[in-house]
Amino acid sequence: AEEAFYAEYLTWCRARADATGLPLYFSMQMPLRLASACLPMARRAVLDPLGFGDIADADSDAPTMRIEPHSELFAAARDLPEDVDTKFDALSTVLSNLHDGGRRALIFTFSVPTLGYLSSRLSAAYRVAVMHGGVKRDARLKIMADFRGGLYDFVLANRVASEGLDFEFCSVIVNYDLPW
């Protein structure tokens, strides 16, 4: 079901890129990043675009043109159960092993929706903090100090964590954006 959804999502992104007359990985960079990072959030973006928000590529100058998802994509999204996420399941195993060994990790993703998804899924079992551009610098520094002090098991972050923050005490960095 995950593979079928991703294939249809990619077809949709290709149609959107074709409509703009621009290369796929330029005009659809953000939607493709979302799908490769977190299929459940890409599924949500398809099924509930108003509640999810725009997933256009805000970093590009590509013309914005709304191409509605095709019927096969809607069907694939509906066929993908909400609780199926094999990528998260693999991450859970890794994090459980790290936690059992007393190790802390930074989990990186480019996508703010993915940060929210991971936070909601991991908060039940672990002490987590989230850093992104919407978190003020002072708050980010406090999160880092608390993480260094052992108050968090895992910190979830996007690219703001690469901006002058010292993670040498952290033994593991997980790049969640690697495609499943």
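This is a predicted model: local features need pLDDT of at least 70, side-chain atom pairs count only at pLDDT 80 or more; totals for chains, interfaces and linings use all residues.

Me: In what order do the elements of the protein run from the N terminus on?
Reply: Happy to start there. The protein has 9 helices and 4 strands. From the N terminus on, the order is α-α-α-α-α-α-α-β-α-β-α-β-β.

Me: What percentage of the contacts in the protein with a separation of 6 or more comes from residues 24 or more positions apart?
Reply: Let's take burial along the way: of the 180 residues, 45% count as buried. The protein exposes about 9,300 Å², with carbon and sulfur atoms supplying 54% of that area. As for contacts with a separation of 6 or more, the share from residues 24 or more positions apart is 76%.

Me: Are helix 1 and helix 3 roughly parallel or roughly antiparallel to each other?
Reply: The axes of helix 1 and helix 3 lie 10 Å apart, and the helices pack at an angle of about 175°. Angles over 145 degrees count as roughly antiparallel. Helix 1 and helix 3 are therefore roughly antiparallel.

Me: Which residues of helix 3 make the contact with helix 1?
Reply: From helix 1 come Tyr-6, Tyr-9, Leu-10, Cys-13 and Arg-16. By class, this contact has 8 nonpolar, 1 polar and 1 charged residues. On the helix 3 side, the residues are Pro-31, Leu-32, Leu-34, Ala-35 and Ser-36.

Me: How many charged residues are in the contact of helix 1 with helix 6?
Reply: Helix 1 (residues 2–20) packs with helix 6 (residues 71–79) at about 150°, their axes being 9 Å apart; the two are therefore roughly antiparallel, and their crossing is left-handed. Helix 1 brings Ala-4, Phe-5, Glu-8, Tyr-9 and Trp-12, while helix 6 brings Glu-72, Leu-73, Ala-76 and Ala-77. Sorted by class, these are 7 nonpolar, no polar and, for charged residues, 2.

Me: How many nonpolar residues are in the contact of helix 3 with helix 4?
Reply: Leu-34, Ala-35 and Ala-37 of helix 3 meet Leu-39, Met-41, Ala-42 and Ala-45 of helix 4. None of these residues is polar or charged, and the nonpolar count is 7.

Me: Which strands are included in what covers the buried residues of helix 8?
Reply: The buried residues of helix 8 (residues 112–122) are Thr-114, Leu-115, Tyr-117, Leu-118, Ser-119 and Leu-122. Their cover includes helix 3, helix 4 and helix 7 (86–100). The strands included are strand 1 (105–108), strand 2 (128–131) and strand 3 (154–157).

Me: Is Asp-146 buried or exposed?
Reply: Asp-146 is in helix 9 (residues 137–148). Leaving aside residues up to four places away in sequence, Asp-146 touches Leu-151 and Tyr-152. Its relative accessible area is 14%, and under 20% means buried, so Asp-146 is buried.

Definitions and conventions
Residues are numbered from 1 along each chain as its sequence is written. Side-chain values use heavy atoms; hydrogens and water are left out. Contact means heavy atoms within 4.5 Å. Ala, Val, Leu, Ile, Met, Phe, Trp, Tyr, Cys and Pro count as nonpolar, Asp, Glu, Lys and Arg as charged, and the others, Gly among them, as polar. Axes are lines fitted to C-alpha atoms, for helices over the stretch in contact, and angles run from 0 to 180 degrees between N-to-C directions. Angles under 35 degrees count as roughly parallel, over 145 as roughly antiparallel, 65 to 115 as roughly perpendicular and the rest as oblique. A crossing is left-handed if the near helix is turned anticlockwise from the far one by less than a right angle, and right-handed if clockwise. Buried means under 20% relative accessible area, exposed over 50%, partly exposed in between (1.4 Å probe, protein chains only). Accessible areas come from the Shrake-Rupley method with a 1.4 Å probe; for residues, only the protein chains shown count as cover.
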